Amino acid sequence: MALPVEEWRLCVARRWAALEPALREHLAAASLHDTLRLGCGLLRPDAEVVALRRLCRRAPAGKEPAAARFYREEGNRLFGRRQYGAAVRLYSQAASHELPGSPEVSVCFANRSAALFHLGRFEVCLEDIARAESHGYPDRLLPKVLLRKAECLLCLGRLQDAANTLSVVENKIAMDGIMTSAAHQTLLKKLSQLKTKIREKESCPEPAREACGDIQRKSEIWEENDSISGASSSLSLNFDIERGRHLVAIQDIHPGQNLLKEEAFVSVLCPGESVLLQDSDETAWDTRVTNADLYCHRCLVQLLASVPCHGCSYAKYCSQNCADVAWEQYHRTECSLGALLLTLGVFCHVALRTVLLAGFAEVSRLVEGSRDNDKDLHNPEARCERPNEAPDTRTGTRGIPGCNDNGQYQSSYQAVFNLLPHAEKHSPEHKFLCVLSVVAICKQLQEAGLEAAVLNRESSEKCSKPEICEKTSGELSPELKIMAEAMLRHVLQLQCNAQAITVMQESGSGDGAVVNKKPVRLATAFFPVLSLLNHSCCPNISVSFSGTAATVRASQPIPSGQEIFHCYGPHRCRMRVAERQQLLSQYFFKCRCQACLDELKSDVKSVVSMRNSFLCPSCRASMQVGEDVLCCSNEACAISVSRESLSCRLQDLQQQIKKALELLKDRKADQAIKMLLKCQTDAGNFLSPKHLLMGEMEDHLAQVYATLGKWQEAARHLKRSIEIVEVHHGPSSVEIGHELFKLAQILFNGFAVSEALSTIQRAEKILSVHCGPQSTQIQELQEMKACLLELPRSILQRT
């Protein structure tokens with residue numbers, strides 16, 4: 001959720017409508033500095049502030065022991081059903097709600113360690129056992145946990161450590177006079193069994209394991225640009241009035257070649273829809289899993305056993321180190337504002353974290369320097385003509401906005417600050433929403449006594465001086481006004497410059513043999529160098545992510561002199577030109593890429609229109625495209641059908657497919673197959689054979705057959721899906737790469753060795769171009785290939 005919750009947007013809209021027309025006109029034309037100055041006095045304590053506090057109660061982010069008990073009991077219930085992965089997540093939720101230092105949090109870690117042990121995650125299990133001990137796990141229960149620790153050490157081959165742990169357990173059992181005799185005997189029996197196992201392993205040590213498959217990791221050749229941080233030396237930074245800042249190839253570039261590696265200047269995890277309650281009377285204890293439960297809130301790596309923040313229930317980390325770094329850099333300020341930030345949306349959160357990471361001194365320097373030029377934000381042509389905005393041919397990149405005095409464009413706060421906010425192009429109502437939201441955050445910071453944490457030490461000292469403290473009640477300090485002005489700038493920038501960090505996430509409900517993955521938005525970030533790339537509906541690069549780092553690779557040959565183009569979302573393979581232009585309007589430009597220019601010509605039809613076309617319900621000839629009415633292309637038939645009726649029929653079909661997938665989720669595979677086959681028959685009566693939905697149904701059928709272990713049937717349907725995906729996206733697209741990855745898994749499990757090897761090779765070739773040789777999917781493909789190649793030659797020759 002990028003923007004604030006709907007109720008807050010409506011509240012602000014009512015406030016805007018109630019303003020005097022002259023004030024609305026003034027705000028519409030005001031600079032960022034004046035907009036902030038005026039906005040500070042328009043947030044009423046008895047109206048908007050009260051409404052915001054009420055909304056914040058729907059986004060609980062504090063510690064709640066009652067919630068902790070609920071999650072721990074739910075975790076125990078699922079543990080009893082042997083659903084260990086789900087139990088781990090619930091124990092993590094419980095730990096995040098426990099008060100710091102309470103003995104109950106140690107129980108959460110101990111319970112989680114048991115689930116992790118059953119999942120075979122012994123190293124992480126040991127970490128949780130150490131956490132339980134350090135948080136004061138009850139001494140009378142400790143022998144059982146220590147036996148688990150010894151068993152983990154035994155499984156990891158650390159025999160001496162396991163033996164030492166058993167000695168500690170033996171001493172504790174001998175001294176324990178509280179434990180019941182039955183429990184005592186159970187522990188002694190387990191202790192004896194583990195001691196026997198240690199003696200057996202010591203007498204018959206296991207041979208050292210060889211590296212599985214001897215998979216080689218390819219190192220990527222990289223020569224960094226002298227002027228653009230993280231960019232390849234094959235690129236140059238250019239500037240002109242029409243295209244602004246942009247990157248151009250200065251030598252021929254090959255598909256798969258690395259062009260840019262950049263760490264996000266700032267990123268904020270997208271929380272997920274279930275974080276916000278729909279009704280204040282509902283329980284806040286939601287067991288649905290969101291990104292907030294699955295990924296580290298700082299580095300975005302996938303979580304298994306999270307480390308909770310000691311102050312709030314929302315922030316979770318992959319390690320104590322990540323938690324400590326986040327606390328020092330920004331979370332000490334954000335921690336108590338969790339509910340407010342969840343209510344005001346990710347863009348406001350990114351804006352706050354940006355200024356916290358930059359620091360007050362740097363923010364103040366750039367804000368003060370920008371005020372002289374603020375009036376030019378309403379006149380882009382004048383802005384481009386200014387010496388500090390347009391490049392000087394004698395100094396190369398030195399005059400380009402965002403470059404430092406040495407002409408270098410770095411992934412820095414200065415580069416972030418110089419991304420265009422387009423203040424003159426945003427609607428007045430949107431700017432008003434942004435300014436009231438930013439002011440609400442800064443007033444909450446001030447009221448909570450967090451101003452010193454936001455500012456540096458010198459500023460904190462200034463804040464204690466009498467002349468600063470004489471401000472009227474509720475008025476922001478001069479320092480916080482500077483931070484608020486920068487935050488307002490960043491919120492406006494994000495509409496055009498926010499970059500979604502995506503991750504390939506498992507979807508569907510297969511049996512685990514075949515993993516179906518789809519790209520999911522994980523976080524929103526500022527990448528100042530990546531933001532230099534202009535849009536094209538037919539881009540020549542692919543972007544992949546690893547944690548908070550982005551890598552840009554050429555997806556096709558790029559000749560010297562050609563601009564490097566990114567796709568902002570609307571792609572020629574996914575939507576018609578009219579739809580693309582409508583979506584791109586949020587970026588305040590009209591796309592003139594070659595794909596759009598070609599489709600706007602009267603004699604060129606959209607590839608999407610042609611492939612996702614309807615068929616005549618009577619004779620199955622193609623229907624000719626029309627605005628409201630579609631006519632059969634067969635002159636002998638000449639039937640006309642309203643677009644609305646066909647669209648309704650398509651929606652009904654999609655609902656039936658959704659029901660079939662629910663049946664699959666409920667493990668009713670046979671019923672799911674029947675429903676999907678019926679959907680295929682219905683679709684064949686009015687959809688083109690190459691319609692993308694036809695391919696999706698084939699994909700779903702492959703998924704169902706895979707759950708039943710019917711690998712040949714699954715492969716047959718998936719091959720049909722791949723044929724349709726290839727028509728839409730091309731034979732070298734990342735979409736084809738993902739489909740081939742699934743096919744490789746099916747062929748591998750079906751023991752179709754020769755075909756599996758050839759599919760793996762093709763998938764590797766495509767995915768290495770788009771995602772790089774280090775991607776998870778490439779590594780999984782290499783592991784499958786290594787396993788197949790280890791089979792006896794006689795088997796390889798037969799298959």
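Axes are lines fitted to C-alpha atoms, for helices over the stretch in contact, and the angles between their N-to-C directions run from 0 to 180 degrees. In the predicted model described here, the axes of helix α27, residues 643-665, and helix α28, residues 669-684, come within 8 Å and cross at roughly 165°. Since angles over 145 degrees count as roughly antiparallel, α27 is therefore roughly antiparallel to α28. The crossing of these two helices, α27 and α28, is left-handed. On the side of α27, the contact is made by R649, L653, Q656, I657, K659, A660, L663 and L664, which meet Q671, A672, M675, L676, C679, D682 and A683 in α28. Divided by class, the residues of this contact between α27 and α28 comprise 10 nonpolar, 2 polar and 3 charged.

Strand β14, which covers residues 629-632, is joined to β15 in the antiparallel sense over 3 bridges, and L630 stands opposite V641 in β15.

Strands β10 and β11 form a hairpin in which 2 residues lie between them, and G547, in the turn, has a positive phi of about 65°.

Positive phi values also occur at two phenylalanines. Most residues other than glycine have a negative phi. F588, however, has a positive phi of about 65° although it is not a glycine, and F588 is placed in the loop between α24 (577-584) and α25 (594-600). Because its relative accessibility is 22%, F588 counts as partly exposed. For F751, which is likewise a residue other than glycine, phi is positive and near 65°. The loop that holds F751 lies between α31 (734-749) and α32 (753-771), and, because its relative accessibility is 43%, F751 counts as partly exposed.

A second pair of helices in contact is formed by α19, residues 428-447, and α23, residues 478-497, whose axes come within 9 Å and cross at roughly 140°. Helices α19 and α23 are therefore oblique to each other, and α19 passes α23 in a right-handed crossing. The residues of α19 that take part are H430, K431, C434, V435, V438, I441, C442 and Q446, and those they meet in α23 are L480, A484, M487, L488, V491, L492 and Q495. In this contact of α19 with α23 there are 11 nonpolar residues, 3 polar residues and 1 charged residue.

Helix α23 also contains R489. Residues under 20% relative accessible area count as buried, and R489, at 6% relative accessibility, is therefore classed as buried. When its neighbours within four places in sequence are left aside, R489 is in contact with L32, S370, F417, L419 and P421.

Because its relative accessible area is 5%, A715 is buried. A715 and I746 are 31 residues apart along the chain, and their C-alpha atoms are separated by 6.3 Å. Apart from neighbours within four places in sequence, A715 is in contact with L743, I746 and L747.

For the protein as a whole, the secondary structure comes to 34 helices and 15 strands. Of the 799 residues in the protein, 51% are buried. Among contacts between residues at least 6 apart in sequence, 66% join residues that are at least 24 apart.

Conventions: Residues numbered from 1 in each chain as written. Predicted model: local features only at pLDDT ≥ 70, side-chain atom pairs only at ≥ 80, totals over all residues. Heavy atoms only, no water. Helix = DSSP H or I, 4+ residues; strand = E, 2+ residues; numbered from the N terminus. Parallel < 35°, antiparallel > 145°, perpendicular 65-115°, else oblique. Left-handed = near helix turned anticlockwise from the far one by under 90°. Contact = heavy atoms within 4.5 Å. Nonpolar A, V, L, I, M, F, W, Y, C, P; charged D, E, K, R; others polar. Pairing = 2+ DSSP bridges. Buried < 20%, exposed > 50% of the residue type's maximum accessible area, 1.4 Å probe, protein only.
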